[in-house]
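Please read the following note alongside the coordinates.

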Amino acid sequence: MKVRGDASGLDELQEQIEDAFFGKLIEIGREAVRYAQKNGEYRNRTWNLRNAPGFCIVRGGKVVHVEVGDDGGHPEAKRNTENLLIYSEHPVDGLYLADGMPYASFVESKGYDVLRNSILYAERQVNKKIFK
């Protein structure tokens with residue numbers, strides 16, 4: 001069966017759809033970082049852990065967007081998270097969340113929420129806003 005028609009513009013349409021998809025992931029990443037900062041269950045002593053949550057967007061196998069929720073006064077926290085997001089493996093395109101403070105996983109292992117619930121929040125938002 002042969003189909004005839006004009007396929008011009010399909011590449012542009014596909015790129016617009018992908019741009020909208022990844023734009024929505026950026027929005028969800030920002031929301032998830034704010035969620036992590038506001039809802040962490042640990043005792044905050046240095047504010048590094050609260051200022052370290054961040055996210056990146058991977059598109060076409062490359063990191064195309066990185067943001068860290070730093071308030072401007074915690075450059076080490078920001079740098080650690082940026083390095084973790086940029087230099088970690090990203091097996092598939094999408095949204096990645098991280099907290100670059102070396103003790104974040106230790107705090108999580110003690111039963112305190114650092115990123116766990118914000119990851120679940122991001123999953124719910126993806127399902128709600130993208131895959132309705």
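Does Lys 129 count as buried, exposed or partly exposed, and at what relative accessibility? Lys 129 counts as partly exposed because its relative accessibility is 21%, where buried means under 20% relative accessible area, exposed means over 50%, and partly exposed lies in between (1.4 Å probe, protein chains only).

This is a predicted model, in which local features need pLDDT of at least 70 and side-chain atom pairs count only at pLDDT 80 or more, while totals for chains, interfaces and linings use all residues. Residues are numbered from 1 along each chain as its sequence is written, and side-chain values use heavy atoms, with hydrogens and water left out.

1. Strand S1 (residues 53–59) has six of its seven residues buried, and it is therefore largely enclosed by the rest of the structure. Helices (H or I, at least four residues) and strands (E, at least two) are DSSP runs, numbered from the N terminus.

2. Strand S1 pairs on the one hand with strand S3 (residues 94–99), running antiparallel to it and joined to it by six bridges, and within this pairing Cys 56 has Tyr 96 of S3 as its bridge partner. Strand S1 also pairs with strand S2 (residues 62–68), again in the antiparallel sense and over six bridges, with Val 58 standing opposite Val 63 of S2. Two strands are taken to pair if DSSP finds at least two bridges between them.

3. The hairpin of S1 and S2 has two residues between the strands, and Gly 60 in this hairpin takes a positive phi near 65 degrees.

4. The whole structure contains seven salt bridges, a salt bridge being a side-chain nitrogen of Lys or Arg within 4 Å of a carboxyl oxygen of Asp or Glu. One of them joins Glu 27 to Lys 24, with the closest N and O atoms 3.5 Å apart; these residues are separated by about one helical turn because they are three residues apart in helix H1 (residues 10–39).

5. Glu 27 also forms a salt bridge with Lys 129, the closest N and O atoms being 3.1 Å apart. Lys 129 lies in helix H5 (residues 116–129) and Glu 27 in helix H1, so this pair ties together parts that are 102 residues apart in sequence.

6. Arg 30 and Glu 67 meet through their side chains in a salt bridge of 2.7 Å, N to O. This pair links distant parts of the chain, with Arg 30 in helix H1 and Glu 67 in strand S2, 37 residues apart. Separately, salt bridges that share partners join Lys 24, Glu 27, Glu 31 and Lys 129 into one network.
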